[in-house]
Structure formats: C-alpha cells, structure tokens
Amino acid sequence: MAAAAIHYAQLSRMEEARRQAQRQLELIDRQISRRITSILPQLTRRQTGYR
C-alpha cells in the first residue's frame, strides 16, 4: 500500500516536470518564431540588392 502511494507521488512529480518542460519548450518556440518573423523582411531586402 505504501509502495503504491510512493509510486503515485513519483508519477505526479514526473508529470508536473513534464508539463513544465513542455511550457519551456513552447516559450522557446514562440521566441524563435518571433525572431524569425522579425529577421525575414531584412533578409529579403538584402537579397534583392544583390541582383
């Protein structure tokens, strides 16, 4: 019985850690997307100047 409670507590901690990691990855993904969105117009202007 006590072993089951320990396993349940470990599982709960692991699930919470996974949720936190997923939130961090989503935050990083949004930051990358914003950065790419801001850089792309600058890149297209540079490329047209070389032609």
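Helices here are DSSP runs of H or I with at least four residues, strands are runs of E with at least two, and both are numbered from the N terminus. What you're looking at is a predicted model, where local features need pLDDT of at least 70, side-chain atom pairs count only at pLDDT 80 or more, and totals for chains, interfaces and linings use all residues. Residues are numbered from 1 along each chain as its sequence is written, and side-chain values use heavy atoms, with hydrogens and water left out.

Now colour by accessibility, where buried means under 20% relative accessible area, exposed means over 50%, and partly exposed is in between (1.4 Å probe, protein chains only). Of the chain's 51 residues, 0% count as buried.

Next, select Glu 16, Arg 19 and Arg 23, which are linked in a network of salt bridges. A salt bridge here is a side-chain nitrogen of Lys or Arg within 4 Å of a carboxyl oxygen of Asp or Glu. By that rule there are two. Arg 19 meets Glu 16 at 3.0 Å, N to O; those two sit three residues apart in helix H1, so about one helical turn separates them. Arg 23 also reaches Glu 16, at 3.5 Å, N to O.

Last stop: pick Leu 25, Ile 28, Ile 32, Ile 36, Leu 40 and Leu 43, a nonpolar surface patch. Patches take residues with over 30% relative accessible area and no salt bridge, joining like charges within 9 Å and nonpolar side chains (Val, Leu, Ile, Met, Phe, Trp, Tyr) within 5 Å. Together these six have about 530 Å² of accessible area, computed by the Shrake-Rupley method with a 1.4 Å probe, and for residues only the protein chains shown count as cover. Zoom in on Leu 43, which lies in helix H1 (residues 2–50) and is partly exposed at 35%.
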